[in-house]
Every structure is written in structure tokens, then in C-alpha cells.
Amino acid sequence: MAVEYLCKICRGVLNVKTSIILAASKVNSSKRGLILLNPEIGNYTTTTHPTFKIEEGAEYIYTCPICHSQLNSGKYPHLVRILMIDEDGKEFNIYFSGIAGEKCTYKIRGTTIEKKGPDAELYGKYFDVPEEDRKYL
Ligand SMILES: [Zn+2]
């Protein structure tokens, strides 16, 4: 079984061939388009059509191209959440930054948190849970 990425709302599969496909729209702007993300965690290469250029430092709202639900986290400002199912069928929450150019990914299952990317400390504090509170997660 290959790794699959799913929409957190409709659980539709977001990865096709070698990319995760999402719809993105720039905050406070009419600019919107499709964006292809690399499914390899820690690889921040993105692809868009030449008419839809991603602007470094701008924040984007990501939506599921299947059900059109917003994927930006309601809980953690500036982060976007999708689901990942690994080769063993285990499910993880994947968070990445909605701000273009910020290279950070958080892979979370229960109390296990993997932080990836050169900017991982930017939002790392969201997931730093004091040891005594972990049992409530
Ligand atoms: Zn969806």
C-alpha cells in the first residue's frame, strides 16, 4: 500500500500520480488556482500553472478540490491540515504552513509528533504539550 493523503473533511484522496493536488486562494485577493505539492514530507517543491504564481510570504487558504472544504486549521493559526495514511494503514494528521515560503511540516499521531523542515520551530510550540497533559490528548 502506498502512502495516501486525504481531505480531513470528505476523506477523498488528494494525491494523484506524484503530487498532492489542492486548490489555493490568496488571502484578501481574488487570485486562486490549483497547486501541486510534493508528497515527500520535507520536500517543499510546489507546482502551479504560470497564470497562478505563489507569492512568498503571502498567506493562502487551501481547499479540497473534491468537496471544497477549507483545509486551513481552525485550531492552529497559519497551519493547514490534511490526513495521511502510511504504508501500514496508520493515519496521521499532517500540518503545513499556509504562508508561502515557510518550510515546516508536522506529522502527528496521538502524542507522537514529528517536526520537519528548516522552519519547524515557527509553529513547534503549538505541539509542545507538557508531559503531564499528554494523557488528556
Ligand atoms: Zn474534501
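## A zinc site and a strand residue

Four cysteines hold the protein donors of the zinc ion: Cys 7 (SG), Cys 10 (SG), Cys 64 (SG) and Cys 67 (SG), lying 2.3 Å from it. Donors here are N, O and S atoms within 2.8 Å of the metal (3.2 Å for Na, K and Ca), and water is not among the atoms, so sites may look incomplete. This is a predicted model, in which local features need pLDDT of at least 70, side-chain atom pairs count only at pLDDT 80 or more, and totals for chains, interfaces and linings use all residues. Residues are numbered from 1 along each chain as its sequence is written, and side-chain values use heavy atoms, with hydrogens and water left out.

The site of the zinc ion is tetrahedral, with angles of 103 to 115° among its four donor atoms; for four donors, that term asks for all angles between 85 and 135 degrees. Along the chain, the donors follow the spacing C-x2-C-x53-C-x2-C. Cys 10, in the loop between β1 (4-6) and β2 (15-16), and Cys 67, in the loop between β6 (60-63) and β7 (79-85), are 57 residues apart and link distant parts of the chain. Strands are DSSP runs (E, at least two residues), numbered from the N terminus.

Now to Glu 114, which is found in strand β10 (residues 112-116). Its side chain makes a polar contact with the side chain of Lys 116 (3.5 Å).

| Residue | Relative accessible area |
|---|---|
| Cys 10 | 32% |
| Cys 67 | 28% |
| Glu 114 | 33% |

A polar contact is a pair of N or O atoms within 3.5 Å; within protein, one must be able to donate a hydrogen and the other to accept it, and residues adjacent in sequence count only if both atoms are side-chain atoms.

Conventions:
Four donors count as tetrahedral if all angles lie between 85 and 135 degrees; four count as square planar and six as octahedral if opposite donors are over 155 degrees apart and all others between 65 and 115; anything else is irregular. Helices (H or I, at least four residues) and strands (E, at least two) are DSSP runs, numbered from the N terminus. Buried means under 20% relative accessible area, exposed over 50%, partly exposed in between (1.4 Å probe, protein chains only).
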